[in-house]
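Student: Hi, I've got this one open on my screen. Could you walk me through a few spots?
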Amino acid sequence: MKPSRAWKAIADSATLGRLALLATATLPLAWQAQVPAAYVHLAQFQALAQEHGDRAAGTPGYEAAAQYVEQELADAGYESHRQYFTFEYRGEEVESFNILAEAEAEDGETGAADADTVVMLGAHLDGVPGSPAINDNASGAVALLEAAKALSAQEGITSTVRFAWWGAEEYRRSPGSRHYVEDLAEDDSEELESIAAYLNVDMVASPNPVIGVYDATDTDSGLEVPDGSVEVMEVFTDYFDARDQPWVPTDWNFVSDQVAFVENDIAVGGLFTGSDERKSPREARLFGGEARRPRDPNYHLPGDDLGNVDLDTLETMTAAVTHAANALAQDSSDLE
Ligand code: DTR
Ligand code: ZN
Ligand code: ZN
């Protein structure tokens, strides 16, 4: 075992949830310092799911997770706000909300060229009912949180970066992100046009993972790929290539939060480590793990808990999201 993972063996040997947290809290100090922040957040999400049952849109579990994200954002100096919306599910009206926070571009002495450009990154915070929903999608939510925290320490950014935690992806047509985009479109304001790109982070710690980047060159999906999407893809692929990190292009998914952006012709990209599809032998050679087995055997099941994540993958993807947010904040000119 890698010495840096010794703490995880202790955390895992305890029961999940609060005990996992306790276990990390009582580790020797030298080990505590090595626990990745993203994993600490996941343990908190697990504890909240145990307390509330799940994190489905419109439930107390969702509210508790939202408060956790909001507190972390406030601690990092962000002013976040909620955007409420309703959607219909089985004849009932459900209310939920998105959380938005942004790091604003500074004009600089001469007035930065990209100051009106907004780059958005988002992850859905809700989970399916009856599951702790840790890989899908506490993983994306915490990777995004870490990226936001890292960006808050950056000075002199030239493009505004807006982070979104979506309040209902797991329902038909992802009503959280759809509400956000359609609200801007209705206003007919320049705000929608100012969004140069949207980067989606959904499922980034699968236990039998691939390092997947949304394939902007895929023309078979039925969706017209917006201009600029190849450049977004390259932000991730250049990053992985520079680190000799293998990656694979991953198919578009028709039911996640990038779709409303695609429909409004906004460049999109994203990261994904796999759901219930089986890993190919080639992918097993590239990334390890088990060929012909699901990349996430607990997809949408109660077993999607703290034990259902690959920690190295979570760290790799958190670093990649952080890189993308920083790089695009400094220079988004390739997207214009
Ligand atoms: N629809 C997502 C999971 C999902 C499955 N394949 C992809 C590809 C790209 C992004 C997301 C997904 C969910 O259940 O939340
Ligand atoms: Zn899902
Ligand atoms: Zn998801």
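Tutor: Happy to! Helix 8 bends by about 25° at Val-235. The bend is the angle between axes fitted to the seven residues ending there and the seven starting there, and helices (H or I, at least four residues) and strands (E, at least two) are DSSP runs, numbered from the N terminus. This is a predicted model, where local features need pLDDT of at least 70, side-chain atom pairs count only at pLDDT 80 or more, and totals for chains, interfaces and linings use all residues. Residues are numbered from 1 along each chain as its sequence is written, chains are lettered from A and ligands numbered from 1 in the order in which they are written, and side-chain values use heavy atoms, with hydrogens and water left out.

Student: Which residues of helix 8 are buried?
Tutor: Among them are Val-232, Val-235, Phe-236 and Phe-240. Buried means under 20% relative accessible area, exposed over 50%, and partly exposed in between (1.4 Å probe, protein chains only).

Student: And what do the buried residues of helix 8 pack against?
Tutor: Their partners include strand 5 (195-201), strand 8 (267-272) and helix 11 (311-330). Contact here means heavy atoms within 4.5 Å.

Student: What follows helix 8?
Tutor: Asp-244, with a positive phi near 55°.

Student: Switching to the metals: what holds the zinc ion (ligand 2)?
Tutor: Its protein donors are Asp-136 (OD), Glu-170 (OE), Glu-170 (OE) and His-300 (NE2), at 2.0 to 2.6 Å. Donors are N, O and S atoms within 2.8 Å of the metal (3.2 Å for Na, K and Ca); water is not among the atoms, so sites may look incomplete.

Student: How far apart do the zinc ion (ligand 2) and the zinc ion (ligand 3) lie?
Tutor: They lie 3.5 Å apart, and Asp-136 bridges them. Glu-170 lies in the loop between strand 4 (160-166) and helix 7 (175-187), and His-300 in the loop between helix 10 (281-287) and helix 11, so that pair ties together parts 130 residues apart in sequence.

Student: Is His-300 buried or partly exposed?
Tutor: His-300 is partly exposed, with a relative accessible area of 31%, while Glu-170 is buried at 17%.
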